[in-house]
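Okay, everyone, I'd like to talk about aromatic rings today. Have a look at this one with me.

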Amino acid sequence: MSYVNHTILVVDNDQDQAHFTKLALQRVGVITPVQSARDGEEAIGYLSGRGTFQDRECYPMPVLMLLDLKLPHISGVGLLSWLREQPALKRLPVVVLTTQVPPVDLNRAYELGCNSFLFKPNSFNALLVMMQNLVQYWLGLNVAPELAAHHQAQEHSGTSI
């Protein structure tokens with residue numbers, strides 16, 4: 001099965017990890033280019049449509065965000081906190097994909113509304129299996145929420161029911 005028009009935003013400062021995550025997603029059928037941000041500030045810029053991210057044809061709103069908690073500048077927890085305060089984005093599904101963290105960080109991520117919490121696997125094959133399961137659930141089975149920005153755009157174009 002292939003998944004088209006399902007933009008995923010990978011937020012990870014480890015560019016090797018981000019590359020392998022994107023590669024695994026492509027191998028399991030995610031055709032739409034997977035977008036990435038290197039830190040919390042860049043992710044906020046992407047989600048806000050600021051600067052180079054203004055062109056939504058090139059940088060479409062994601063239907064899912066994969067978030068590493070260990071980010072420079074603005075941490076993953078900080079980004080998650082910001083995201084849940086944004087009326088247009090607060091329902092965006094977020095899967096934390098990170099290395100081992102203290103239980104307090106895991107619990108804080110759930111308190112801030114992460115939808116799932118996964119630890120990065122140690123091999124590409126394990127990452128491939130993880131991404132297969134993740135894509136099947138989040139893009140295949142899950143009914144995604146309507147983001148407020150998308151809903152407002154539909155209302156203005158007259159396509160909303």
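So, ring pairs tie Tyr46, Phe53 and Tyr59 together into a cluster. Bear in mind that this is a predicted model, where local features need pLDDT of at least 70 and side-chain atom pairs count only at pLDDT 80 or more, while totals for chains, interfaces and linings use all residues. Residues are numbered from 1 along each chain as its sequence is written, and side-chain values use heavy atoms, with hydrogens and water left out.

What counts as a pair? Rings of Phe, Tyr and Trp (its six-membered ring) pair if their centres lie within 6.5 Å; planes under 30 degrees apart are stacked, over 60 edge-to-face, and the rest tilted. That rule gives seven aromatic pairs. One of them is Tyr46 with Tyr59, edge-to-face, at 5.9 Å centre to centre and 85° between the planes. The two are 13 residues apart: Tyr46 is in helix H2 (residues 40-48), and Tyr59 is in the loop between H2 and strand E3 (64-67). Helices (H or I, at least four residues) and strands (E, at least two) are DSSP runs, numbered from the N terminus.

Buried or exposed? Buried is under 20% relative accessible area, exposed over 50%, partly exposed in between (1.4 Å probe, protein chains only). Tyr46 is buried, at 0%, while Tyr59 is partly exposed, at 24%.

Tyr46 also has a charge over its ring: the charged end of Arg56, 5.6 Å from the ring centre. For that, NZ of Lys or CZ of Arg must be within 6 Å of the ring centre and within 35 degrees of the ring normal.
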